[in-house]
Number of protein chains: 2
Amino acid sequence: MRSLVYFQSGGPTAVINCSLYGVIAEAFKSNEIGGVYGSIHGVEGLIEDNLADLRREDLEEIELLKQTPGAALLSSRKKLPGEEDPLFAKIVQTIDRHDIGYVLVNGGNDSMDTCMRLDEFFRKSGRDVKVLGIPKTIDNDLVVTDHCLGYPSAARHVMNLVKMAVLDAKAYSAGKVILIEIMGRNAGWLTASVDLLPEGERPDLIFLPEMEFDQERFLYEVREIYQRKGHVVCCVSEGLNLPRRNTGGVDAFGHAALEGVSFHLSEMIHERLGYGTRVMDLSLAQRADPYLVSRSDREEAIAAGKYAVRMALEGHSGEMVAMRRVPSDRYEVEWFLAPVKDIANRERKFPKSWLLSEMELSESFREYLRPLVARSVQVINENGIFQSARLRLERAK
Amino acid sequence: MRSLVYFQSGGPTAVINCSLYGVIAEAFKSNEIGGVYGSIHGVEGLIEDNLADLRREDLEEIELLKQTPGAALLSSRKKLPGEEDPLFAKIVQTIDRHDIGYVLVNGGNDSMDTCMRLDEFFRKSGRDVKVLGIPKTIDNDLVVTDHCLGYPSAARHVMNLVKMAVLDAKAYSAGKVILIEIMGRNAGWLTASVDLLPEGERPDLIFLPEMEFDQERFLYEVREIYQRKGHVVCCVSEGLNLPRRNTGGVDAFGHAALEGVSFHLSEMIHERLGYGTRVMDLSLAQRADPYLVSRSDREEAIAAGKYAVRMALEGHSGEMVAMRRVPSDRYEVEWFLAPVKDIANRERKFPKSWLLSEMELSESFREYLRPLVARSVQVINENGIFQSARLRLERAK
């Protein structure tokens with residue numbers, strides 16, 4: 001019986017450990033799998049023979065993976081080099097030593113590149129190792145799949161946090177311009193999610209990286225809204241395409257903090273319009289909030305892990321598990337496999353046809369999003385704090 | 001039958017509208033109260049005769065006040081001038097016009113000043129108007145009362161968000177220094193709440209305004225922890241007492257954003273240690289998150305509103321409703337009234353005796369906090385978004 005190794009790669013999501021849960025659940029009940037391993041720090045664990053023996057974990061802790069943010073097996077941003085690199089010899093050592101027949105890679109665009117390179121290497125070197133990808137990214141920018149695991153939960157977090165800010169911002173008659181910065185380097189899916197908020201609870205302005213940004217028009221709109229309402233709530237993607245200010249001397253603040261578009265817009269509003277501003281960067285909680293997990297996202301992340309195990313056992317390789325919607329009255333998805341070479345290193349932008357204005361996006365988008373975020377989960381607390389899995393991560397012998 | 005007016009003042013909390021709910025519930029069932037009014041924008045509504053007739057609201061919407069953040073009646077930061085000011089003549093007009101016999105002021109330190117001034121004015125001018133305060137501040141810095149309504153929910157939010165960040169920060173082997181900025185201008189109660197997180201889920205460093213901050217020691221500790229763990233999570237009160245950098249040219253960014261201590265610390269770490277940093281400002285959600293409301297905080301905020309109505313009807317004035325713990329095996333509070341002049345404009349700092357080090361606070365503090373945050377609430381969602389009250393706020397005739 002060959003063994004299975006699973007790893008996590010790139011930024012975490014609120015449900016990445018649900019896919020780990022699904023992998024474990026399916027692998028444990030199979031009688032075709034020997035060892036069930038987690039590679040620590042993504043592909044680095046394969047290179048350095050640092051695998052955790054998941055069969056040694058407590059079932060209670062495995063259950064808690066469903067509400068554990070972060071990467072429970074730790075993550076990596078390492079990109080694999082060309083296949084002649086000596087690093088592959090080290091991977092082969094690990095693969096052979098543990099008799100690994102199945103490798104599951106849980107990640108986004110870059111991680112699907114890792115998935116593809118591993119698959120190609122094993123094929124060319126004549127090794128029978130099946131490699132499959134499990135999609136994960138709050139950016140929702142993987143092609144082929146209807147949506148990416150982690151996006152619905154991040155969207156639910158963003159929508160709710162923005163509604164909180166909108167209600168809070170109303171309090172004072174002479175209020176501020178609230179600039180809410182939302183993750184998404186190149187694609188605006190996550191920022192766009194606030195468009196689902198109804199009138200009276202939605203931000204005044206929404207800016208995605210896929211939009212043209214006209215500074216004068218922006219200032220005009222901010223002034224117009226401020227004069228009418230006494231405050232403005234504006235949501236911006238971190239990847240909004242702005243002429244950034246000179247970054248000399250700026251590095252000292254750290255990348256994310258000071259090149260932030262919202263600080264730039266804040267400065268502009270202050271200088272040109274004289275209004276008070278408040279920057280609200282939704283930061284890490286966007287990808288780590290167990291309370292605002294979407295129930296379908298959790299269920300699908302688990303299902304993706306299970307499906308990937310089954311497909312690997314059936315002999316598939318070089319593919320990513322993906323979803324498409326079943327035409328139906330109610331929301332339903334079916335799973336399929338797509339060649340990872342069609343997915344790796346590509347990006348799905350927010351469709352231009354859904355960009356109506358900086359005040360409103362398309363109803364088609366809202367129809368797409370609504371079922372993804374509709375349902376909530378229960379969270380197990382202890383002392384008012386969410387419980388999370390404490391894995392032993394005992395090194396595989 | 002005399003009428004009652006209630007208003008909200010200062011920054012909102014996640015449960016301030018629970019006190020509004022409690023006031024409405026108690027006032028509606030009383031047969032000693034005529035009109036039940038909400039003064040719009042705090043005391044400004046009294047000055048400008050801008051009162052909402054709360055008897056005209058839908059009961060369904062009133063019910064939703066329990067999970068509605070922000071100030072449902074809108075707020076104000078206006079301080080009342082001396083009693084000779086013509087503004088008091090305008091207040092008297094409103095009071096007389098609506099035959100108001102009871103005024104309830106829901107707010108923090110500054111608002112208790114408003115409460116005190118109104119009470120003194122009515123006494124001196126021979127008007128029979130009872131004025132009572134209802135405490136509200138996430139800063140937890142009002143004296144006399146065991147704790148302030150809103151603080152437990154804010155603490156629960158902060159604890160959980162910090163745990164999310166701690167789990168997220170572990171993902172990479174070469175990680176960052178995460179600087180989490182937490183509200184609290186002068187008192188560190190809210191930042192201190194992270195001390196309840198258990199080992200493995202807690203931040204590495206905690207800095208309150210009540211602590212001496214030694215820059216060299218801070219850098220030494222950050223370096224030591226980073227070298228050992230590969231990342232650092234540090235929680236800082238916004239009011240941490242730092243030698244701030246020259247703020248010339250800084251105003252352009254807006255007050256809260258750029259004078260932020262976490263940016264200052266980030267810059268220092270980057271310059272002196274060369275580590276990557278990420279600033280995470282917990283921002284508005286600290287006072288506006290309905291999902292992380294503490295159930296006892298919600299129940300007590302409602303109870304405070306009800307108690308204030310009863311005490312006003314009994315003829316009390318110039319006092320604030322307050323809680324003390326009943327000596328008992330389980331957590332229990334009893335309500336009492338305290339003279340508002342002993343409370344207004346004073347601050348309760350975090351006790352020096354509970355400051356053990358920047359790594360850990362006192363077990364006595366954890367015992368104090370634990371029952372305040374232990375229980376959670378259910379939130380009613382629609383499309384995955386928390387529902388909130390939509391009041392008519394029909395102007396009282």
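Where in chain A is the place of A:Leu337? A:Leu337 sits in strand β11 of chain A, which covers residues 333-339, and it is one stop on this short tour of a predicted model. In this model, local features need pLDDT of at least 70, side-chain atom pairs count only at pLDDT 80 or more, and totals for chains, interfaces and linings use all residues. Residues are numbered from 1 along each chain as its sequence is written, chains are lettered from A and ligands numbered from 1 in the order in which they are written, and side-chain values use heavy atoms, with hydrogens and water left out.

**Chain A as a whole**

- Chain A holds twelve helices and 13 strands; helices (H or I, at least four residues) and strands (E, at least two) are DSSP runs, numbered from the N terminus.
- The radius of gyration of chain A is 22 Å, close to the 21 Å that the globule rule gives for 397 residues, so chain A is as compact as a globular protein of that length. Here the radius is taken over C-alpha atoms, and the rule is 2.2 Å times the number of residues to the power 0.38.
- Along the principal axes, the C-alpha atoms of chain A fill a box of roughly 70 × 45 × 45 Å.
- Of the 397 residues in chain A, 66% count as buried. Buried means under 20% relative accessible area, exposed means over 50%, and partly exposed lies in between (1.4 Å probe, protein chains only).
- Take the contacts (heavy atoms within 4.5 Å) in chain A between residues at least 6 apart in sequence: 78% of them join residues at least 24 apart.

**Surface and charge of chain A**

- Chain A exposes about 14,400 Å², and carbon and sulfur atoms supply 45% of that area. Accessible areas come from the Shrake-Rupley method with a 1.4 Å probe, and for residues only the protein chains shown count as cover.
- There are 50 positive and 59 negative side chains in chain A, with the centres of the two sets 2 Å apart. Lys and Arg count as positive and Asp and Glu as negative, while His and the chain ends are not counted; each charge is placed at NZ of Lys, CZ of Arg, CG of Asp or CD of Glu.

**Residues to look at in chain A**

- A:Leu337 is buried, with a relative accessible area of 16%. Not counting residues up to four places away in sequence, A:Leu337 touches A:Tyr307, A:Met311, A:His316, A:Glu319, A:Met320 and A:Val321.
- A:Leu337 and A:Leu132 are 205 residues apart in sequence, and their C-alpha atoms are 9.0 Å apart in space.
- A:Ser75 belongs to the loop between α3 (59-64) and α4 (87-97) of chain A and is buried, at a relative accessible area of 1%.
- The side chain of A:Ser75 reaches the backbone oxygen of A:Gly10 at 2.6 Å. Leaving aside neighbours within four places in sequence, the contacts of A:Ser75 include A:His41 and A:Gly42, and also B:Ala171 and B:Tyr172 of chain B.

**Residues to look at in chain B**

- B:Arg202 lies in the loop between α7 (189-192) and β7 (205-207) of chain B, and at 12% relative accessibility it counts as buried.
- The side chain of B:Arg202 makes a polar contact with the side chain of B:Asp195 at 2.8 Å, and a polar atom of the B:Arg202 side chain lies 2.9 Å from the backbone oxygen of B:Met359. A polar contact is a pair of N or O atoms within 3.5 Å; within protein, one must be able to donate a hydrogen and the other to accept it, and residues adjacent in sequence count only if both atoms are side-chain atoms.
- B:Gly108 is in the loop between β4 (100-107) and α5 (109-124) of chain B. B:Gly108 is buried, with a relative accessible area of 8%, and B:Lys136 is among the residues that it touches.
- B:Gly150 is in the loop between β5 (130-135) and α6 (151-169) of chain B, and counts as buried at 1% relative accessibility.

**Backbone angles worth a glance**

- Most residues other than glycine have a negative phi.
- A:Asn383 has a positive phi of about 55 degrees although it is not a glycine; A:Asn383 is partly exposed, with a relative accessible area of 35%.
- B:Leu74, also not a glycine, has a positive phi of about 65 degrees, and is found in the loop between α3 (59-64) and α4 (87-97) of chain B.
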